Amino acid sequence: MKAFLKEHRGLLIAAAAFLMFLGSWMLIRKHISDSLDHAEQEEAFAELVYDGAYYTACDESVVRLYVGDAGSIDKTLCGSQLGEMSIPTANGTVVCPLYACKPLEDAGKENAILLLERSSGIKPYELTGFPYLDSNQSIWAVCASYGIGAGSDLESVTVREADGRELAHFTEPDALDAFFVKFAALGENLSDTETAEIYRDTYIKEYGDDGSVTVEDGKAAAADDETYDRAMALWSEGVCKVDICLKNGLRLRDCVYAPRTGLFTVYGTYHFTEPFF
């Protein structure tokens with residue numbers, strides 16, 4: 001036996017190395033497979049549709065925007081059970097209880113946050129849209145969907161830089177009334193071509209019409225890299241985010257306000273001529 005082992009030592013080492021490689025590869029494949037299965041499972045829970053509204057899975061930081069003193073995201077945050085959600089997944093349909101957010105419910109607010117009970121714990125969801133707005137994005141449709149009929153329906157308006165730094169926070173009734181008047185006057189949303197034409201015209205107004213910025217297939221196009229960089233710097237000048245907090249508990253988050261182009265984005269894109277701020 002010793003002579004056999006000595007004679008075939010190289011072959012046995014190679015075989016052992018191959019078996020170790022094969023075992024490692026099988027473990028790697030299992031890990032990859034498990035990761036893909038988990039990703040597919042989580043994708044099924046990324047969004048919900050409840051009571052005519054879209055909800056998107058969120059984290060604790062988002063929940064605290066609505067409920068500032070919220071502790072851990074657990075069963076203590078759950079209010080009334082609203083029913084059960086049947087979620088089709090790769091491993092079959094999963095039925096999960098759905099709850100209102102207790103602090104919002106106790107305050108008589110709308111269901112801006114919902115809580116889904118899963119085997120892994122409580123998963124929060126934020127209201128992020130309405131099916132009606134998929135085909136009708138006029139500012140009046142947005143206001144109607146969110147329950148905005150006057151400045152008195154607003155609780156606050158916060159303006160932030162792109163990195164999140166707060167620039168202004170309005171809570172005074174006069175300031176909110178003034179904001180609402182301008183917001184409601186945004187009117188119909190623009191088409192892609194109309195938006196691109198505003199980008200082009202803004203460039204022409206600043207640098208003259210040399211033909212270097214055109215509109216092609218509903219998009220603004222620059223003739224070269226230098227023009228592109230100059231145009232982007234102009235169009236993005238002063239751009240900030242606007243968060244609109246409503247007294248009914250809902251929020252319109254991360255609206256985009258672009259003063260140079262006079263564009264305001266919330267679901268659709270709208271044009272304004274009188275500055276908001």
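**Notebook: cores, sheet, helices and salt bridges**

I began with the nonpolar residues: the largest nonpolar core has 58 residues, and Y146, F183 and F264 touch the most other members. I note here that the model is predicted. I took F183 and listed its contacts, leaving out residues up to four places away in sequence: I139, C143, I244, L252, F264, V266 and F276. As background, nonpolar side chains in soluble globular proteins tend to be buried together.

**Sheet**

I traced the strand order next. An open sheet of six strands runs β8-β7-β11-β12-β13-β14, with antiparallel pairing. At its edges are β8 (166-170) and β14 (268-271), each of which pairs on one side only. From one strand to the next, the twist averages 20°.

I then looked at the β8 end. Strand β7 (residues 154-160) runs antiparallel to β8, and four bridges join the two. R160 has E166 in β8 as its bridge partner.

I also checked what lies on the sheet. Helix α5 (residues 139-146) lies across β11, β12, β13 and β14, and runs at about 155° to β12.

**Helix pair α7 and α8**

I fitted the axes of helix α7 (residues 192-207) and α8: they come within 10 Å and cross at roughly 100°. Angles of 65 to 115 degrees count as roughly perpendicular, so α7 is roughly perpendicular to α8. On the α7 side, the contact is made by Y199, R200, T202, Y203, E206 and Y207. On the α8 side, T227, R230, A231, L234 and W235 take part.

**Salt bridges**

I counted eleven salt bridges and went through some of them.

What distance separates N and O in the salt bridge of K102 and D106? I read 3.3 Å, N to O, between these side chains. K102 and D106 are about one helical turn apart, because they are four residues apart in helix α4 (residues 102-106). K102 is partly exposed at 37% relative accessible area, while D106 counts as exposed at 56%.

The side chains of R253 and E126 form a salt bridge at 2.8 Å, N to O. This pair links distant parts of the chain, 127 residues apart: R253 is in strand β12 (residues 251-258) and E126 in strand β6 (residues 121-129). Is E126 buried or exposed? I found E126 buried, with a relative accessible area of 6%. R253 is partly exposed at 29% relative accessibility.

R260 and E237 also meet through their side chains in a salt bridge, at 3.3 Å, N to O. R260 lies in the loop between β12 and β13 (263-266), and E237 in the loop between α8 (225-235) and β11 (240-246), so the pair ties together parts 23 residues apart in sequence. R260 is partly exposed, with a relative accessible area of 33%. E237 is partly exposed too, with a relative accessible area of 41%.

Last, I looked for shared partners. Which residues do such salt bridges join with R160 into one network? I found E166 and D243 joined with R160.

Definitions and conventions. Residues numbered from 1 in each chain as written. Predicted model: local features only at pLDDT ≥ 70, side-chain atom pairs only at ≥ 80, totals over all residues. Heavy atoms only, no water. Salt bridge = Lys/Arg side-chain N within 4 Å of Asp/Glu carboxyl O. Buried < 20%, exposed > 50% of the residue type's maximum accessible area, 1.4 Å probe, protein only. Pairing = 2+ DSSP bridges. Axes fitted to C-alpha atoms, helices over the stretch in contact; angles between N-to-C directions. Contact = heavy atoms within 4.5 Å. Core = buried A, V, L, I, M, F, W, Y, C linked by side-chain atoms within 4.5 Å. Parallel < 35°, antiparallel > 145°, perpendicular 65-115°, else oblique.
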